[in-house]
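Please examine the sequence and the structure shown here before reading on.

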Amino acid sequence: MELHPDWKFVADEVMGGKSNGIMSREVFHGRDATVLRGDVSLDNNGGFIQIAFDLLPDGTGFDASNWHGIELEIWGNGECYDIRLRTDQLTHPWQSFRSTLSTTGQWQTFQVPFDVVTAYRTDATFDPAKLRRIGILAIGREFRAELAVARVRLYCI
């Protein structure tokens with residue numbers, strides 16, 4: 001199932017951090033993409049920039065239980081990025097289900113199976129029937145981020 005994300009940019013500045021960046025829609029290395037660029041800083045307890053979208057316009061859970069995971073077409077500058085999934089099960093902004101994407105400086109297709117995402121700061125088990133939000137983050141260390149997303153979809157094996 002092809003997704004048509006309404007990406008939003010968020011940085012640690014919302015919590016007092018010093019990371020900065022931008023999001024743009026452009027033709028990037030030959031593909032229409034949403035591009036995240038910026039500098040991740042650990043100053044003032046910061047450490048992330050991200051793009052994210054809700055699966056439903058009202059921000060409620062979407063039943064993704066008929067699919068096995070998320071597939072993304074991504075170009076990254078050779079850095080590692082996180083994909084973070086949020087569900088209706090989570091009550092705090094620091095909670096998520098996550099996986100890491102290692103980029104190579106070329107377009108890549110990543111499949112992130114739902115059964116391999118790791119719970120972070122929650123005892124909940126990931127429930128795809130309650131999937132609410134998908135985010136991609138540059139996080140956790142100081143570096144220059146450049147990441148383009150050309151496609152996001154739910155996939156079945």
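Is Arg-132 buried or exposed? In this predicted model, Arg-132 is buried, because its relative accessible area is 18% and the limit for a buried residue is under 20%. Arg-132 forms a salt bridge with Asp-54, and their closest N and O atoms are 3.7 Å apart. The two residues belong to distant parts of the chain, with Arg-132 in strand β11 and Asp-54 in strand β5, 78 residues apart. Asp-54 is partly exposed, with a relative accessible area of 29%.

**Salt bridges**

The whole structure contains 13 salt bridges. Three of these pairs are set out below.

| Pair | Closest N and O atoms |
|---|---|
| Glu-146 and Arg-37 | 3.0 Å |
| Arg-151 and Glu-73 | 3.2 Å |
| Arg-132 and Asp-54 | 3.7 Å |

Glu-146 forms a salt bridge with Arg-37. Because Glu-146 lies in strand β12 and Arg-37 in strand β4, this pair ties together parts that are 109 residues apart in sequence. Glu-146 is partly exposed at 23% relative accessible area, whereas Arg-37 counts as buried at 19% relative accessibility.

Arg-151 forms a salt bridge with Glu-73. Arg-151 lies in strand β12 and Glu-73 in strand β6, so the pair ties together parts 78 residues apart in sequence. Arg-151 counts as partly exposed, at 26% relative accessibility, while Glu-73 is buried, with a relative accessible area of 16%. Both residues belong to one network of salt bridges with shared partners, which joins Glu-2, Arg-31, Glu-71, Glu-73, Arg-151 and Arg-153.

**Strand β7 and its neighbours**

Strand β7 pairs with strand β8 (residues 96-102) in the antiparallel sense, over 6 bridges. Within this pairing, Cys-80 has Ser-102 in β8 as its bridge partner. Another 6 bridges join β7 to strand β11 (residues 131-139), and these two strands also run antiparallel. Here Ile-83 stands opposite Ile-136 in β11.

**Nonpolar cores**

The largest nonpolar core has 36 residues, of which Ile-70, Leu-85, Phe-114 and Ile-136 touch the most other members. Elements that give two or more residues to this core include β4, β7, β8 and β11. Strand β12 provides the largest share, 6 residues. Among the residues that Phe-114 touches are Trp-67, Ile-70, Leu-85, Phe-126 and Leu-154. A second, separate core of 6 residues includes Phe-28, Ala-33, Trp-75 and Ala-148.

Key: Residues are numbered from 1 along each chain as its sequence is written. This is a predicted model: local features need pLDDT of at least 70, side-chain atom pairs count only at pLDDT 80 or more; totals for chains, interfaces and linings use all residues. Side-chain values use heavy atoms; hydrogens and water are left out. Two strands pair if DSSP finds at least two bridges between them. Helices (H or I, at least four residues) and strands (E, at least two) are DSSP runs, numbered from the N terminus. A nonpolar core is a set of buried Ala, Val, Leu, Ile, Met, Phe, Trp, Tyr and Cys residues joined through side-chain atoms within 4.5 Å. Buried means under 20% relative accessible area, exposed over 50%, partly exposed in between (1.4 Å probe, protein chains only). Contact means heavy atoms within 4.5 Å. A salt bridge is a side-chain nitrogen of Lys or Arg within 4 Å of a carboxyl oxygen of Asp or Glu. Lists of a residue's contacts leave out its neighbours within four places in sequence.
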